[in-house]
Amino acid sequence: MSSISEAFLKEKKLLEDYKKKRPELLIPPSLSEKEILSQIGITLPFPLRQQGYIRFYLQDFIVEEISEKGEISEIEPKKREISPIFPFYFGCDLVKVGISTFDALNLLANTLQIKIGRITYAGLKDVNALTSQKIIFLDLNQELLRKIKKISLPNLFLTNFSIEKKPLCRGDLFGNRFSLFVRIKGEVDEKLFSQNLAKIKKEGFLNFYSVQRFGTPRLISHILGKLILKGEYEKVIFNFFTATGFQEIPLIKEKRKEAKKFFGTWKKMEEIFSEFPFTFRNELQLLSYFKKNQKDFLGALIFFKNQTKFWTYSYASYLFNQILSLKGLELPEKIPLLLSNDSRDIEVYKFWLENDGTQNFQKNIKPFNKFLKLERRFVKTKIFPEKILFKILPEGIVLSFILEKGVYATTFLMNLFEIKEGLPLPEWLRDKKYDLKEILGLGSIKKVREIFGEILTERIV
């Protein structure tokens, strides 16, 4: 069993004990949609919508990757015989539930005893969902193939084996097909839903970056990114360890407040965070650096390159959201992101850069130029979803739709519903289970349920 899996199981048991003894410590603050969205730069008003709850069960949110050739990595297991000549590139669909793509790849690498760099992928998939995506193993040999075929892990399986000509790179996909269940308060207002959907089909919806881009449940990734662009490296580290998240549960907030008292005493902070090794797995990883490099804050951000890159991009996304909120639908087809090597793109953000004190960001990110490149990136301002299907049920609406890469399903949904997820649970919530793919005529989760068992029907909160 890998260290990530062990951390997850240890923490799950601990949280179950807290649920019995002190359940109030596990309930995050109740925040309105407006409060949450304004935190990530979305201030534009939305049309009248019904309240909707998503991700009650893991099987309520299904994401299936679509390749550049239009092939869908479906969640259903498929037997496919291969006759390899070693070494070769080995492709398969990674079907996972309840864990991130990074954690799934780490689990695979640890179990197979290979470096994680030997597994390539095109995109990241949701944690609190049932997802499928193509991955490709590099330089496979007979022994590794044997291990892969025998692999058995609680939150993932591999299927649809294939021989590939080249590895995958980030972005090598068209998009994703989403199938999800929105549980509605009261009866579904079919007229209101149809009006909002018709408007989206005609005008599209604004391509806001959703909460996942800002590090749920804390929603502070853009703040850390702003500090990086200001060159305040120690403040980045301090806030990463100690800033209480926007939607974090009181129990985790208490741990951060306790750790704040010992900032710089890395061993003591490690003791505090080790009580919850899964939630604080990134914090513990970074502390391993500081135990050997006491006050090297810049070096820590270079060591922590994936998070440093994520935080910096989050800040650029925050500014993008602010521009979309300001301009509304009166926008060009595409606008540039901030982290560009073209002064014309940076000029677009001049007002916000001066206001945030980040106008000298090119100088302050130079130490990270090995993994953080300044280059022109344009993002569509409006999106038109494809192949929309829906079915109205007594408890809500089952929806399926296709979005191109980089577009968030929750951004589409918040144009149709006033979205709520997580705790506290709404009193009106009804908990009936459905096979979403079967209802929409897109397949079935029956075989997946046989593999994953009760994990699929576990409540996310």
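**Note on the predicted chain: backbone exceptions and overall form**

1. Q113 is exposed, at a relative accessible area of 66% (exposed means over 50%, buried under 20%, and partly exposed in between, with a 1.4 Å probe and protein chains only). Q113 sits in the loop between α3 (101–112) and β4 (119–121); helices (H or I, at least four residues) and strands (E, at least two) are DSSP runs numbered from the N terminus. Its phi is near 60 degrees, a positive value in a residue other than glycine.

2. The model is predicted: local features need pLDDT of at least 70, side-chain atom pairs count only at pLDDT 80 or more, and totals for chains, interfaces and linings use all residues. Residues are numbered from 1 along each chain as its sequence is written, and side-chain values use heavy atoms, with hydrogens and water left out.

3. A positive phi also occurs at D139, where the angle is near 50 degrees. This residue belongs to strand β5 (residues 130–140) and is partly exposed, with a relative accessible area of 47%. Most residues other than glycine have a negative phi, and most peptide bonds are trans.

4. Two cis peptide bonds deserve attention. One runs from T216 to P217, with omega near 0 degrees; P217 lies in the loop between β8 (205–206) and α6 (221–229). Another joins L423 and P424, with omega about -5 degrees, and P424 is placed in the loop between β14 (417–420) and α17 (436–439).

5. K10 is part of helix α1 (residues 3–21) and counts as partly exposed at 49% relative accessibility. Beyond its neighbours within four places in sequence, K10 is in contact with S274, E275 and P277 (contact means heavy atoms within 4.5 Å). K10 and A300, 290 residues apart in sequence, are separated by 27 Å from C-alpha to C-alpha.

6. The chain holds 18 helices and 14 strands. Its radius of gyration is 22 Å, close to the 23 Å that the globule rule gives for 461 residues, so the chain is as compact as a globular protein of that length (the radius is taken over C-alpha atoms, and the rule is 2.2 Å times the number of residues to the power 0.38). Along the principal axes, the C-alpha atoms fill a box of roughly 55 × 55 × 55 Å.

7. Of the 461 residues, 52% count as buried. Among contacts between residues at least 6 apart in sequence, 78% join residues at least 24 apart.
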